[in-house]
Each structure stands twice: as C-alpha cells, then as structure tokens.
Amino acid sequence: MVFVSLLNEILKDRLPEDVTGYMLGKQFRIAVTDANIHFNFAWTKGGFVPAWDDVAPDLTISASAQDFYRLARREEDPDTLFFSRRLVMEGDTELGLMIKNTLDAMELNVFELLKALPAQKLQSLFPNRQKRGH
C-alpha cells in the first residue's frame, strides 16, 4: 500500500491522458534483485493500486536497489543501465518504452518531490506510526 500511495502521490496527476489510457488495466512488477523483493501494482481509472502475485505482470522492471536509487535521483541514465544489463525489462516492451520516455520527459527527482510533500501527507501514508516525544 505504501508503494502505490507514493506512486500515486508522485505520478498520478502528472501522467498524460494517452499514457494512462494505454496503461489502463495493465499489471506491473518492480523487482529489486539484490533484496529479493518485488512490488506488484496496476493502473486503474483511480490511479495505481496493489496487484496480486498470482497475476502475471504485463511489464516487469528489475534492477538492484542501488541502481533504482540512482535512477530515482537522476544520477544514472536508464538507457545506460539497460544496455549494461543492470536494468532489465521483461514483457510488453512497447509499454516499458512508453513509460520510460514519459518519465524521462518529466525530469522528476523522486527524492526532491518527497521532501516537498507536507508532513501531514507523509503521516497519512503511515497512519500507525506513533510520534516520539523528543
């Protein structure tokens, strides 16, 4: 839930209509290879939602945690990672290229956007987290 909440906060209102139309109903998987974890999600008319593991994703994007971090900070180019086989795209490559080109055109620095989120918005993503009395 946290992952799709962050995706929605960062991307939902920034994605062009033609992109969201193409993504409608598509299943995605982000696989962090060195941590052996993955995030499954789908795009609906309401935004990103969690998806189940038992549904084959239309597109899987895999990389190490460090490479995803560097991509999010815009310190690494996705094409460089792809051609050096550090970023792997499997499934609907047309969908993958469309998403890559859309994100490239946005010039988003995910970490800068997260810093700009109001504290109460971040708190709503983690409702069970208690404040410490410092």
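This report describes salt bridges, a nonpolar core and aromatic contacts in one predicted model.

## Basis

The model is predicted, so local features need pLDDT of at least 70 and side-chain atom pairs count only at pLDDT 80 or more, while totals for chains, interfaces and linings use all residues. Residues are numbered from 1 along each chain as its sequence is written, and side-chain values use heavy atoms, with hydrogens and water left out.

## Salt bridges

A salt bridge is a side-chain nitrogen of Lys or Arg within 4 Å of a carboxyl oxygen of Asp or Glu. The count by this rule is 9 salt bridges. A network of salt bridges links Asp67, Arg70, Arg73, Glu75, Glu76 and Arg86.

Glutamate 76 in turn meets arginine 86 in a salt bridge, at 3.7 Å from N to O. Arginine 86 lies in the loop between helix 4 (78-83) and strand 5 (88-91), and glutamate 76 in the loop between helix 3 (65-72) and helix 4, so the pair ties together parts that are 10 residues apart in sequence. Helices (H or I, at least four residues) and strands (E, at least two) are DSSP runs, numbered from the N terminus.

Are these side chains buried or exposed? Buried means under 20% relative accessible area, exposed over 50%, and partly exposed in between (1.4 Å probe, protein chains only). Glutamate 76 is buried, at 18%. Arginine 70 is partly exposed at 26%, as is arginine 86 at 36%, and glutamate 75 is partly exposed at 38%.

## The nonpolar core

A nonpolar core is a set of buried Ala, Val, Leu, Ile, Met, Phe, Trp, Tyr and Cys residues joined through side-chain atoms within 4.5 Å. The largest one has 24 residues, of which Leu15, Met23, Phe28, Phe48 and Phe68 touch the most other members. At least two residues of this core come from each of helix 1 (2-12), helix 2 (17-23), strand 1 (27-32), strand 2 (37-44), strand 4 (59-63), helix 3 and helix 5 (93-106). In soluble globular proteins, nonpolar side chains tend to be buried together.

Leaving aside residues up to four places away in sequence, phenylalanine 48 is in contact (heavy atoms within 4.5 Å) with Val4, Leu7, Asn8, Leu11, Leu15, Met23, Phe41, Ala42 and Trp43.

## Aromatic rings

Rings of Phe, Tyr and Trp (its six-membered ring) pair if their centres lie within 6.5 Å; planes under 30 degrees apart count as stacked, over 60 as edge-to-face and the rest as tilted. The count by this rule is 6 aromatic pairs. Phenylalanine 28 and phenylalanine 41 are stacked, with 5.4 Å from centre to centre and 20 degrees between the planes. Phenylalanine 28 lies in strand 1 and phenylalanine 41 in strand 2, so the pair ties together parts that are 13 residues apart in sequence. Phenylalanine 28 is buried at 5% relative accessible area, and phenylalanine 41 is buried at 6%.

One aromatic cluster is formed by Phe3, Phe28, Phe39, Phe41, Trp43 and Phe48.
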